[in-house]
Amino acid sequence: PDPDGRVEVGYAVDPAFRRRGYARAALAALLDRARDDPAIMTVRAAVAPDNLPSLALIRRFGFSEVGEQWDEDDGPETLFERPARPG
């Protein structure tokens, strides 16, 4: 985590294996890991604004939009965050 207790998660699924729950399982495992680390307070995800499946997935996991950034490799990204230990 950074000095504020924030980590960024990321995931990718080979196109031949999409729509089978792999991204959901990967994100769930990453969030479980973040929850169990007392140094992590906030989890961040950066998603391309046109990546509708990923946007839907992180919203399902309780992420809220917090801003935007420009990634040199991927272009514009929307930033989302959620507490490592919600509620």
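Helices and strands here are DSSP runs, numbered from the N terminus. The views below come from a predicted model.

**View 1. Arg-19, in the loop between strand 1 and helix 1.**
The phi angle of Arg-19 is near 70°, a positive value in a residue that is not glycine. Most residues other than glycine have a negative phi. Arg-19 counts as exposed because its relative accessibility is 80%, and the cut-off for exposed is over 50%. Arg-19 and Thr-42 are 23 residues apart along the chain, and their C-alpha atoms are separated by 27 Å.

**View 2. Helix 1, residues 22-36.**
Helix 1 has 15 residues, which at 1.5 Å a residue should span 21 Å; the C-alpha atoms at its ends are 21 Å apart, in agreement with that value. Ala-23, Leu-27, Leu-31 and Ala-34 are the buried residues of helix 1. These residues lie on the same side of helix 1, because the arc they cover around the axis is only 65°. Strand 1 (6-9), strand 2, helix 2 (52-60) and strand 4 (75-83) are the elements against which the buried residues of helix 1 pack. On the face turned away from the buried side, helix 1 carries the exposed residues Arg-33 and Asp-36.

**View 3. Helix 2 and its two ends.**
At the N-terminal end, helix 2 is capped by Asn-51, which has a side-chain oxygen 3.2 Å from the backbone nitrogen of Ser-54. The buried residues of helix 2 are Ser-54 itself, Leu-55, Leu-57 and Ile-58. Seen down the helix axis, these buried residues fall within an arc of 165°, so they line one face of helix 2. The buried residues of helix 2 pack against helix 1, strand 2 and strand 4. Leu-52, Pro-53 and Arg-60 are exposed residues on the face of helix 2 turned away from its buried side. After helix 2 comes Gly-62, with a positive phi near 85°.

**View 4. The largest pocket, with about 610 Å³ of space.**
The lining of the largest pocket is made up of 24 residues. Tyr-11, Ala-23, Asn-51, Pro-53 and Ser-54 are the lining residues that lie nearest the centre of this pocket. Ala-23 is also one of the buried residues of helix 1, and Asn-51 is the residue that caps the N-terminal end of helix 2. Helix 1, strand 2 and helix 2 each supply at least two residues of the lining. Helix 2 provides the largest share of the lining, with four residues.

**View 5. Arg-44, in strand 2 (residues 42-47).**
Arg-44 has a relative accessibility of 19%, and therefore counts as buried; the cut-off for buried is under 20%. The side chain of Arg-44 is joined to that of Glu-81 by a polar contact of 2.7 Å. Leaving aside neighbours within four places in sequence, the residues in contact with Arg-44 are Arg-6, Val-7, Glu-8, Val-9, Phe-63, Val-66, Leu-79, Phe-80 and Glu-81.

**View 6. Glu-81, in strand 4.**
Glu-81 is buried, with a relative accessible area of 16%. The side chain of Glu-81 makes polar contacts with two arginine side chains: that of Arg-6, at 2.9 Å, and that of Arg-44, at 2.7 Å. Not counting residues up to four places away in sequence, Glu-81 touches Arg-6, Thr-42, Val-43, Arg-44, Gly-62, Phe-63, Ser-64 and Val-66. Among these, Gly-62 is the residue with positive phi that follows helix 2.

**View 7. Thr-42, in strand 2.**
Thr-42 is in contact with Gly-5, Arg-6, Val-7, Glu-81, Arg-82 and Ala-84, leaving aside its neighbours within four places in sequence. Thr-42 and Asp-2 are 40 residues apart in sequence, and the distance between them in space is 9.8 Å, C-alpha to C-alpha. From the C-alpha atom of Thr-42 to that of Arg-19, the residue of View 1, the separation is 27 Å.

Methods
Residues are numbered from 1 along each chain as its sequence is written. Side-chain values use heavy atoms; hydrogens and water are left out. Buried means under 20% relative accessible area, exposed over 50%, partly exposed in between (1.4 Å probe, protein chains only). A polar contact is a pair of N or O atoms within 3.5 Å; within protein, one must be able to donate a hydrogen and the other to accept it, and residues adjacent in sequence count only if both atoms are side-chain atoms. Contact means heavy atoms within 4.5 Å. The expected span of a helix is 1.5 Å times one less than its number of residues. The arc is that of the directions from the helix axis to the C-beta atoms. On a 1 Å grid over the protein atoms alone, a cavity is a set of points where a 1.4 Å probe fits but cannot get out, and a pocket is an open set with protein on both sides within 12 Å along at least five of seven lines; lining residues have an atom within 4 Å of a point. Grid points are joined across faces, edges and corners, and a volume is the space filled by probe spheres set on the points.
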